[in-house]
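Trainee: I would like to go through this model and ask what stands behind each label.
Mentor: Go ahead, one label at a time.

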Amino acid sequence: MDDLIADFVAECRDMLEALGGEIVAWEAQPDDRARLDSIFRFVHTVKGNCGFFDFPRLEALSHAAEDSLADVRAGRRHADGALVSAVLAVIDRIAEMVAAIEAGEEFPAGDDSALIAALAPGADHAAPAVAAVAEGQKSAAAPRTIRLSVELLDRVMSTVSDMVLARNELARRLRESSTDVPIDGAFERLSSIIAEMRDAITRTRMQRIENLFVALPRMVRDLSAELGKQVLVDIEGGDVELDREMIEMIRDPLTHILRNAIDHGIETPAERLKAGKREIGILAVSARQSGNQILIDIQDDGRGIDGKKLLAKALDVGLLERDEAAKLSPREQLMLIFEAGLSTAKEVTSISGRGVGMDVVRSNVERIGGVVEVDSTVGCGTRMTLRVPLTLTIIPALTVSIGNQHFAIPRSAIEEIVRANGESVTLEHLGGAGVATIRGRRVPEVSLADILGLESDVAEEDRTLIVLRPAGGDVYALAVDRIHDHEELVVKPAAPAVMNTGLYAGTTLADDGSPILLFDPAGLAEVGGVRLEAQERAARIAEGPVAAAATATPVLLFRGLDGGRRALRLAVVDRIEEVPAEAVREAAGQLRVQLGETILPLAGASAVQLGDRVRLFRLNDGAHELGYAFAEVVDFAAIEGEIIHSDREGEVSGVSLVGGEPAEIVDAHWLFARHVGSSARGSEQLVCRLPDDDSWMQNILRPIVEAAGYRVVGGDEEGEADLVIASQGDDVAEIAAKRTIWLRTEPDAAGKKDESIYRYDRAGLLMALKTASVGRGK
Amino acid sequence: MNQLLLVVTIAGERVALPAAAVESVVELDTLIPVPRAAPHVAGLSALRSRVLTVIDCMCSLELGATDCPDGIREAAVVELDGHHYALIVDQVEDVVEALSEPTPIRAAMGEGWERVCQGMIETETGPLLLVDIAALVAGSDIKAAA
């Protein structure tokens with residue numbers, strides 16, 4: 001009997017989950033027969049089973065709902081808001097009772113007759129009309145599934161891990177003994193099957209985010225009804241997959257953001273009409289995958305957040321000093337919403353503002369290694385973006401060692417890796433504190449051996465510095481004895497006694513079966529005494545003020561594999577990597593290098609013999625990457641003299657004096673054009689001049705201009721430009737240019753004579769860029 | 001109510017652990033230290049691809065470190081709040097049946113023992129101290145946190 005009840009409960013829960021979205025969609029379209037049928041089927045099933053199990057209250061409820069719905073099905077009655085609300089109330093009560101049965105408790109107290117009476121035609125239960133549309137809410141049959149306990153899955157997962165360890169052991173033994181080709185072949189096959197199995201079992205931990213989204217229409221409906229607002233939910237991207245645990249972790253923050261959006265963001269219908277908007281507010285929730293992150297956008301078209309008000313409030317409660325406040329950019333003002341103790345709501349309502357603020361949302365999201373961002377325009381709406389890692393359990397990490405003990409560092413926090421004795425790095429000690437200067441940037445330096453209190457057998461200058469940027473913090477350099485390998489580690493939480501140190505994020509097992517500790521980069525900094533708070537606020541915002549632009553172009557001076565002294569603009573160098581020579585091979589017509597899981601075209605290595613290990617720059621043009629092999633980095637320098645351009649197009653665009661000696665300037669554009677194989681452009685590239693002290697132009701406009709086929713030069717670089725882009729009101733001296741585009745910051749033109757273009761008028765901008773290039777063509 | 005007890009020696013004293021809480025008794029060889037962790041956390045070890053947090057019981061009682069001359073440590077594996085721990089003891093003796101409910105010990109004990117003691121329990125081989133595994137795992141910093 002107990003088994004039968006368990007089955008009944010499980011079946012009810014499944015149906016309840018599936019119904020969540022259906023029922024609201026049904027309300028939007030009461031004539032939708034398919035949805036009506038599925039709801040009817042649910043109450044009917046419940047009723048049937050109750051009779052068998054002797055749950056009289058459950059039976060009475062489902063019976064009443066069934067009767068009303070049967071009337072609708074037979075066309076005797078029309079499904080109106082009141083009926084939908086009544087049916088929803090009944091379904092809620094059923095869910096409560098089912099939960100009670102499952103927990104083996106008494107039914108929740110209460111009388112069901114009011115609920116049943118509300119079902120009667122003409123019952124006085126006017127509910128505000130709310131519509132909801134959920135994309136992909138087709139009443140398609142659910143995919144065939146079976147129920148499994150999480151423990152069983154975890155057991156399978158750990159068995160597979162054991163299998164991998166056993167395989168590694170076997171591989172070692174095979175290598176030691178004489179090799180027999182058939183045995184090797186069979187072993188290879190076994191290896192690949194195990195790898196595939198590991199993949200599959202990892203995927204079983206993934207769940208569609210739909211499971212989280214399916215409850216949203218219902219929640220929004222209830223909330224907006226309670227607040228007398230009209231809200232339409234638009235859900236997209238429910239098929240994005242996320243680790244099961246992660247879904248649970250973002251449930252609360254997401255719910256909270258939604259509540260806030262409905263309560264504070266979206267106005268009442270009357271206010272909306274007055275503001276010239278549609279009565280129904282739109283709340284768009286979308287999820288998408290970007291690399292190894294999931295982005296969840298929650299966008300409303302409500303009244304937006306007033307940064308000025310937030311600022312005033314922050315000053316009021318003493319969160320900020322007045323002079324500090326004056327320096328905040330509009331985005332930083334908005335970020336204040338995540339500070340504790342701030343709420344612009346005039347009064348606390350029952351929905352939000354119950355002491356659980358956006359600060360809790362942020363700390364919850366950051367705890368799982370995510371980031372929450374906000375963007376808002378007063379009067380137009382707010383967008384909140386949650387960025388969370390794909391999975392909690394598999395983390396790409398770098399293994400390092402101190403003495404003979406191995407540790408792992410999550411790769412997401414690593415900015416770059418440099419050698420302490422490299423040319424571009426100097427180490428200093430100021431009052432005992434370490435300061436590393438890496439290519440002109442000063443970063444605090446701590447030694448891992450000191451933090452851990454371990455003996456290190458490697459001299460300070462022979463260590464490797466790992467530049468880390470913990471989530472929401474500032475960079476610091478960590479000196480380690482040796483770095484080993486990039487690995488994908490299955491991380492498990494460590495015991496409280498270990499976590500209490502604040503240094504570790506979890507434990508994992510190495511391939512040889514020994515445990516490895518995974519560091520928490522923020523914790524390391526804290527224990528190491530690195531202060532992260534001072535610049536924390538500015539660092540949290542990606543578009544912080546750009547450091548004062550250097551007048552000379554910074555370049556990285558290096559020696560190529562063929563011995564040539566060359567320079568490469570620093571901005572295109574992402575980082576330096578070192579790979580074994582086997583990672584470089586000729587494939588698909590050109591040299592390529594394998595870095596982790598990506599394969600990049602490799603330049604600078606043709607027609608030379610490679611050593612055992614190849615060092616290379618990782619170049620990035622914003623969209624593509626390529627590798628450029630080199631022998632050694634000479635220095636970090638600036639182009640001082642004039643560039644003498646080569647008369648032939650090629651890898652080297654010219655030669656100039658760098659550090660007192662001639663160096664060939666590597667043409668990054670040519671490299672990308674050639675190796676990435678982007679559309680071949682005319683040999684004479686158009687030149688566009690952008691003021692280089694304007695960070696908006698350099699960061700936001702520049703990619704568009706470059707995409708339109710221009711080569712961008714700075715404001716005071718030599719040479720004739722085909723086009724100059726300047727902000728309206730800027731004092732642009734007579735620069736030799738064939739054409740000038742003026743940009744204004746206001747959407748509306750100042751007058752008829754004003755020929756400037758609004759800076760976000762993309763179409764207008766592209767048109768102007770195109771016109772300028774056509775002019776050149778003639 | 002005849003509870004089974006695992007009799008072990010910690011710091012030369014025979015004490016009882018509730019046998020139901022003990023998953024297995026193992027001999028640990030490799031131990032990966034955890035820098036900066038509390039002193040009673042002897043390190044990490046792996047058992048069938050599970051990470052064990054190894055607790056030195058003598059250290060936890062502030063009676064010094066367990067002496068392991070040949071590098072082999074006998075330990076009882078327990079699970080607590082989803083984490084697996086290996087409790088290093090001098091020696092694992094036997095499983096015996098409890099003959100009574102634990103009763104308070106009214107005489108004064110050492111400070112460490114006081115903290116982990118759940119009472120005295122009668123067995124066929126005489127009264128034994130019943131040790132609270134959670135207190136043993138928490139070690140001496142439980143007071144520091146309070």
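Trainee: What share of the residues in chain A is buried?
Mentor: Buried residues make up 34% of the 778 residues in chain A. This is a predicted model, and chain A averages a pLDDT of 75, with 81% of the residues scoring at least 70.

Trainee: Why is Val43(A) called buried?
Mentor: The cut-off is 20 or more other C-beta atoms within 10 Å. Val43(A) has 25 C-beta neighbours inside 10 Å, so it counts as buried. Val43(A) lies in helix H2 of chain A.

Trainee: Why is His44(A) called partly exposed?
Mentor: Partly exposed covers counts between the exposed limit of 12 or fewer and the buried limit of 20 or more. His44(A) has 17 C-beta neighbours inside 10 Å, and therefore counts as partly exposed. His44(A) is also in helix H2, which runs over residues 33–53 of chain A.

Trainee: What annotation covers His44(A)?
Mentor: An unreviewed UniProt entry carries "modified residue: Phosphohistidine" for His44(A). Such an annotation may be inferred rather than shown by experiment.

Trainee: What does Val43(A) touch, not counting residues up to four places away in sequence?
Mentor: Val43(A) touches Ser62(A), Ala65(A), Glu66(A) and Leu69(A). A contact requires C-beta atoms within 7 Å.

Trainee: How do you know that the span of helix H9 of chain A is close to the expected one?
Mentor: The expected span is 1.5 Å times one less than the number of residues. Helix H9 (residues 216–227) has 12 residues, and 16 Å is expected; from first C-alpha to last the helix reaches 16 Å, which is close to that. Buried in H9(A) are Leu216(A), Pro217(A), Arg218(A), Val220(A), Arg221(A) and Ser224(A). Just after H9(A), Gly228(A) takes a positive phi of about 70 degrees.

Trainee: What makes a set of residues a nonpolar core, and which residues of the largest one touch the most other members?
Mentor: Its members must be buried, of the listed nonpolar types, and joined through C-beta atoms within 7 Å. The largest core has 92 residues, and Leu478(A), Ile55(B) and Leu87(B) touch the most other members. Leaving aside neighbours within four places in sequence, Leu87(B) is in contact with residues including Ile55(B), Cys57(B) and Leu136(B). Another core, of 45 residues, lies apart from it; Ile257(A) and Val285(A) are among its members.

Trainee: How many residues of chain A are in contact with chain B?
Mentor: 21 residues of chain A are in contact with 21 residues of chain B. H6(A) gives the largest share of the side of chain A that touches chain B, 4 residues. That side divides into 11 nonpolar, 8 polar and 2 charged residues.

Technical notes
Residues numbered from 1 in each chain as written. Chains lettered and ligands numbered in written order. Predicted model: local features only at pLDDT ≥ 70, side-chain atom pairs only at ≥ 80, totals over all residues. Contact = placed C-beta atoms within 7 Å. Helix = DSSP H or I, 4+ residues; strand = E, 2+ residues; numbered from the N terminus. Nonpolar A, V, L, I, M, F, W, Y, C, P; charged D, E, K, R; others polar. pLDDT = per-residue confidence, 0-100.
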